Amino acid sequence: MEVIKIALKLITPPAIEPVTLDEVKLHLRLSSGSMAGTLTTVQSIVPGAQVVAADYGLVGTGVDVLGYRALVNLNSGTNGAGGKVDVKIQEANEDVDAKYIDWYGGVFEQVTEANDNAVQEIEYTGIKRYIRVVATVAVADCDFGADVIREQSYNTEDTLLTSLTTTARKYCAGFQNRAYITQTWSLWLDN
């Protein structure tokens with residue numbers, strides 16, 4: 001009986017893990033301990049009566065969201081007769097007017113007299129450092145404001161948690177003799 005030798009070599013390891021660091025933290029219920037310790041609110045457009053402004057001419061203040069999860073709130077008050085408000089989120093790597101571009105997921109529902117006096121929110125999931133809110137106010141003055149709620153992520157043990165996630169995936173994949181994540185291997189046989 002001839003013995004065949006087999007050799008395996010990992011060529012391309014998995015680029016991601018089956019669970020994200022945020023999912024691990026959520027499952028472990030990790031937080032900084034207090035809501036006040038992790039949340040800050042920054043106004044982009046100060047609440048109040050906003051005058052008619054065409055073509056997104058009402059430009060909010062840029063807010064640094066690097067290292068934060070961000071939620072943008074549009075707080076609409078009462079619209080003037082026939083007033084309409086269109087609001088969108090813009091993003092940039094630098095807080096310079098010419099650098100801001102529209103963020104693809106950041107268009108709020110148009111506010112009219114039929115749906116004013118309400119709050120709309122959009123979570124910013126982009127990758128730029130700064131965001132701001134810009135608005136068009138049509139026909140009549142409208143009361144509204146926009147703010148960014150920033151949540152500081154808890155990262156004291158991020159390196160350890162990431163390492164444990166990788167170790168757990170490798171152990172489970174070895175135990176079940178299967179790959180959970182796309183990867184490339186080379187197989188050599190001696191015959």
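Which residue in strand 10 is the bridge partner of Val-72? In this predicted model, the partner of Val-72 in strand 10 is Val-148, and a further bridge to strand 10 pairs Leu-74 with Ala-146. Both belong to the pairing of strand 5, residues 68–79, with strand 10, residues 142–152, in which the two strands run antiparallel and are joined by 10 bridges. Strand 10 is also joined to strand 2, again in antiparallel fashion, through nine bridges, and here Gln-50 has Cys-142 of strand 10 as its bridge partner.

These pairings belong to an open sheet of four strands, arranged in the order 2-10-5-8 with antiparallel pairing. From one strand to the next, the twist averages 15 degrees. In a regular strand, side chains alternate between the two faces of the sheet.

The loop between strand 5 and strand 6 contains Gly-80. The C-alpha atoms of Gly-80 and Glu-113 lie 7.6 Å apart in space, although the two residues are separated by 33 residues in sequence.

Strand 6, formed by residues 84–92, includes Lys-88. The relative accessible area of Lys-88 is 13%, so this residue is classed as buried, the cut-off being under 20%. Its side chain makes a polar contact of 2.7 Å with the side chain of Asp-102. Beyond residues up to four places away in sequence, Lys-88 touches Asp-102 together with Tyr-56, Gly-106, Val-107, Phe-108, Arg-132, Val-133 and Val-134.

Of these contacting residues, Tyr-56 is located in strand 3, which covers residues 53–59. With a relative accessible area of 28%, Tyr-56 is partly exposed, whereas Lys-88, which it touches, is buried. The backbone of Tyr-56 has a phi near 50 degrees, a positive value in a residue other than glycine.

A positive phi is likewise found at Asn-177, a residue other than glycine, where the value is near 55 degrees. Asn-177 is placed in the loop that connects helix 3 with strand 11, the latter comprising residues 184–189. The relative accessibility of Asn-177 is 72%, and this residue therefore counts as exposed, for which the cut-off is over 50%.

Helix 3 also contributes to the second largest pocket, which has a volume of about 240 Å³. This pocket is lined by 13 residues, and those lying nearest its centre are Arg-169, Lys-170, Ala-173, Gln-183 and Trp-185. The elements giving two or more residues to the lining are strand 1, residues 6–12, and helix 3, residues 158–176. Helix 3 supplies four residues, the largest share of the lining of this pocket.

Conventions:
Residues numbered from 1 in each chain as written. Predicted model: local features only at pLDDT ≥ 70, side-chain atom pairs only at ≥ 80, totals over all residues. Heavy atoms only, no water. Pairing = 2+ DSSP bridges. Axes fitted to C-alpha atoms, helices over the stretch in contact; angles between N-to-C directions. Buried < 20%, exposed > 50% of the residue type's maximum accessible area, 1.4 Å probe, protein only. Polar contact = N/O pair within 3.5 Å; in protein donor to acceptor, adjacent residues only side chain to side chain. Contact = heavy atoms within 4.5 Å. 1 Å grid on protein atoms, 1.4 Å probe; cavity = no way out; pocket = protein on both sides within 12 Å on 5 of 7 lines; lining within 4 Å. Points joined across faces, edges and corners; volume = space filled by probe spheres on them.
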